[in-house]
Amino acid sequence: MSTLPVSYPADGTPALYPNERVAKRVGDYAESHSLRMPQHIIDYHAHIQTTRPETANYMISIAQAQALTFLVKTIGAKRILEIGSYVGLSLMTWSSAVGPDGKVTGLEFDPSFAAAAKDALAANDVHNAELIVGDALETLPTLTPSEPYDIIFIDAQKSGYSRYLSTILALSQPGTPNRLLRPGGLIIGDNTLRCGLVADDSSDNPWRHYDFGPQRPEYWKSADVMTLKAYNQAVVANDRLENWLCPLWDGINLARMVD
Ligand SMILES: C[S@@+](CC[C@H](N)C(=O)[O-])C[C@H]1O[C@@H](n2cnc3c(N)ncnc32)[C@H](O)[C@@H]1O
């Protein structure tokens with residue numbers, strides 16, 4: 001067994017475990033000692049990892065699905081909007097968490113991903129989820145829900161996060177009919193630490209040197225990372241929001257709408 005370096009984090013840092021091996025075992029243990037996800041969701045996650053290896057990492061992990069399910073049930077959420085659905089794994093997670101009397105809406109602009117998501121919903125007898133196909137920058141402002149959403153999950157293109165946030169805030173003014181998000185509802189921004197680059201783009205961060213592919217040279221300086229910084233700043237500075245930027249997974253920014 002090779003020896004991995006051991007680091008002792010200062011108080012308050014999220015580096016809870018002495019090395020990657022221990023962190024992996026602790027993660028596995030936590031997953032197996034948390035609420036069990038329905039088998040069709042575990043199976044679909046594994047199926048996508050096998051059949052779409054290039055894009056499977058778009059999906060939330062099963063551990064993150066457990067956390068989101070716990071959150072939905074804790075706040076009694078029944079109506080959820082998701083921006084960025086890929087092939088439907090997180091949509092199925094929300095659907096199962098809200099139960100048959102809940103309703104989930106996904107926004108996805110890629111027709112082939114949307115078709116795969118719709119097939120998966122049908123194949124798994126999911127009847128409380130719908131998908132709106134189109135650019136969410138255009139479809140989001142057209143939504144006029146009869147009841148406001150309890151949760152809005154932002155997981156589409158990172159460069160759009162700030163616009164999604166300002167649209168949600170503008171369309172959820174107190175006292176307005178058909179507001180998007182209810183008072184006390186959550187805006188959940190996924191990937192808001194983006195490989196840690198949002199908080200640390202110094203050369204200390206090995207992800208800065210990672211090759212994200214020909215379309216994404218010098219990713220650490222990209223519009224994605226810049227917009228996520230702007231997004232996190234806009235959330236924490238807004239008096240209408242109270243948030244917790246949770247440093248788990250790729251960073252998940254949980255913001256509660258106060259009014
Ligand atoms: C990270 S993936 C979503 C993963 C999904 N939430 C899950 O956990 O299974 C992001 C998705 O957002 C979609 N997307 C990107 N830009 C979009 C836009 N402007 N409007 C709608 N969907 C968009 C992409 O096609 C992709 O499927």
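Predicted model: local features only at pLDDT ≥ 70, side-chain atom pairs only at ≥ 80, totals over all residues.

Tutor: The protein contains eight helices and seven strands. Its radius of gyration is 19 Å, close to the 18 Å that the globule rule gives for 259 residues, so the protein is as compact as a globular protein of that length. The C-alpha trace spans about 60 × 40 × 40 Å along its principal axes, and 35% of the 259 residues count as buried. If you take the contacts between residues at least 6 apart in sequence, 67% of them join residues at least 24 apart.

Now for the close look. Two packed helices are described by the angle between their axes and the distance between the axes. Our pair is helix 1, covering residues 20-32, and helix 3, covering residues 62-75. Their axes come within 10 Å and cross at roughly 45°. Angles from 35 to 65 degrees fall between roughly parallel and roughly perpendicular, so helix 1 counts as oblique to helix 3. The crossing of helix 1 past helix 3 is left-handed.

Which residues make the contact? On helix 1 they are Gly 27, Ala 30 and Glu 31, and on helix 3 they are Ile 62, Ala 63 and Gln 66. Sorted by class, this contact between helix 1 and helix 3 has three nonpolar residues, two polar ones and one charged one.

Key
Residues numbered from 1 in each chain as written. Helix = DSSP H or I, 4+ residues; strand = E, 2+ residues; numbered from the N terminus. Rg over C-alpha atoms; globule rule 2.2 N^0.38 Å. Buried ≥ 20, exposed ≤ 12 C-beta atoms within 10 Å, placed from the backbone. Contact = placed C-beta atoms within 7 Å. Axes fitted to C-alpha atoms, helices over the stretch in contact; angles between N-to-C directions. Parallel < 35°, antiparallel > 145°, perpendicular 65-115°, else oblique. Left-handed = near helix turned anticlockwise from the far one by under 90°. Nonpolar A, V, L, I, M, F, W, Y, C, P; charged D, E, K, R; others polar.
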